[in-house]
Amino acid sequence: MSPKSFYYYFSPLAIAMFSQSLIFSISLSDIQAQPEQKNKTPIQTSGSGTQRVFQPVGDPEPSPTRGGGTRGLFQPVGDPEPTTTLGGGRRGDGKCPKDRVQPTNGLSKESLEQQLSPLLPIKKFGLTYSANPRLYAYIPKTSAIAVVFTLESKGEGIEQKRVDLTNSPSIVSVKFDTPLAIGQDYKWLVSVVCEIPDPEDNFSEGIVHRIKPSPDVIGKLAKAKESDRIDLYAKSGIWYEALDSLVKLRFASPNDPELRSIWQNLLKSSGLESLANSPIKNY
């Protein structure tokens, strides 16, 4: 074969082999580069050109916001044991004789919303920082014309206040004038006043115990907004102020959904959730 013929024969073959080699090199480079590209922001094409698509990779979870968190949960913290005992077997249904229907089997147990009850956690015991805390009680459906609150110290009555009833069920409250001493238990009772006197004991009772706040707590409360104080009281186990602060805000903004939610959380965390929709009649 002449050199000229050799040139014409092998030139196309050499060009083809060189092209294949070049394509293979480019493909190999792309494959090697792919791991480096996986964390880069991908490009998406559209009719108006290219756009960068946000693709979060391993982003931390967002912190809970004030509106989305659970607020108003009551947490008893190191409650002292009460030295005052509550009477057992007391009838506290808040009903007058004409309202009362005797159970047919003698075993019927009334639900919480059918009973006269202080608004207190399950143990009927609560702490306060105040010398004159406001006390709240739930009054079931009754024909009673009023309720009487009584404050006792060491078994002796020291003050009474009456609240007339316009309708029920409802939640009513009082504030005694007698200041509470720090570190002492006080028993308070709520009883109904019927048009016809009821020969049976018809009252319910709870305990209030005043403690002194720490300097740290005093500082936090002084800086906090009224709505944030509720959580500070609740998380510190200070029941009476947590409840009263929330009622005060609810009277000021009765249609606020956040306050309604906090109210439900506070009562639910204290076993009073069935009373959450009861109207509050006085403040």
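Two strands count as paired if DSSP finds at least two bridges between them. With that in hand, welcome to this predicted model, where an open sheet of three strands runs in the order E3-E5-E8 with antiparallel pairing.

**The three-strand sheet**

- Strands of a sheet pair through backbone hydrogen bonds, in either a parallel or an antiparallel way.
- In the open sheet E3-E5-E8, the pairing is antiparallel.
- The edges are taken by E3 and strand E8 (170-175), each with a single partner strand, so one side of each has no neighbour in the sheet.
- E3 and strand E5 (residues 134-139) run antiparallel and are joined by two bridges, which meets the cut-off of at least two bridges.
- For a spot to look at, take Ser117, whose bridge partner in E5 is Tyr138.

**The disulfide**

- Cys96 and Cys194 form a disulfide, with 2.1 Å between their sulfur atoms.
- The link of Cys96 and Cys194 is left-handed, with -95 degrees about the S-S bond.
- Cys96 sits in the loop between strand E2 (49-52) and strand E3 (117-118), while Cys194 sits in the loop between strand E9 (185-193) and strand E10 (203-210), so the pair ties together parts that are 98 residues apart in sequence.
- Both Cys96 and Cys194 are buried.

**The tilted aromatic pair**

- A pair of aromatic rings is described by the distance of the centres and the angle of the planes.
- For Tyr129 and Tyr233, the ring centres are 6.3 Å apart and the planes stand at 55 degrees, so this pair is tilted.
- Tyr129 belongs to the loop between strand E4 (125-128) and E5, and Tyr233 to helix H3 (residues 226-235), so the pair ties together parts that are 104 residues apart in sequence.
- Tyr129 counts as buried at 15% relative accessibility, and Tyr233 is buried too, with a relative accessible area of 12%.

**The stacked aromatic pair**

- Phe149 and Trp188 have ring centres 6.1 Å apart and planes at 20 degrees, so this pair is stacked.
- Phe149 lies in strand E6 (residues 146-153) and Trp188 in strand E9, so the pair links distant parts of the chain, 39 residues apart.
- Phe149 is buried, with a relative accessible area of 0%, and Trp188 is likewise buried, with a relative accessible area of 0%.

Conventions:
Residues are numbered from 1 along each chain as its sequence is written. This is a predicted model: local features need pLDDT of at least 70, side-chain atom pairs count only at pLDDT 80 or more; totals for chains, interfaces and linings use all residues. Side-chain values use heavy atoms; hydrogens and water are left out. A disulfide is a pair of cysteine sulfur atoms within 2.5 Å. Helices (H or I, at least four residues) and strands (E, at least two) are DSSP runs, numbered from the N terminus. Buried means under 20% relative accessible area, exposed over 50%, partly exposed in between (1.4 Å probe, protein chains only). Rings of Phe, Tyr and Trp (its six-membered ring) pair if their centres lie within 6.5 Å; planes under 30 degrees apart count as stacked, over 60 as edge-to-face and the rest as tilted.
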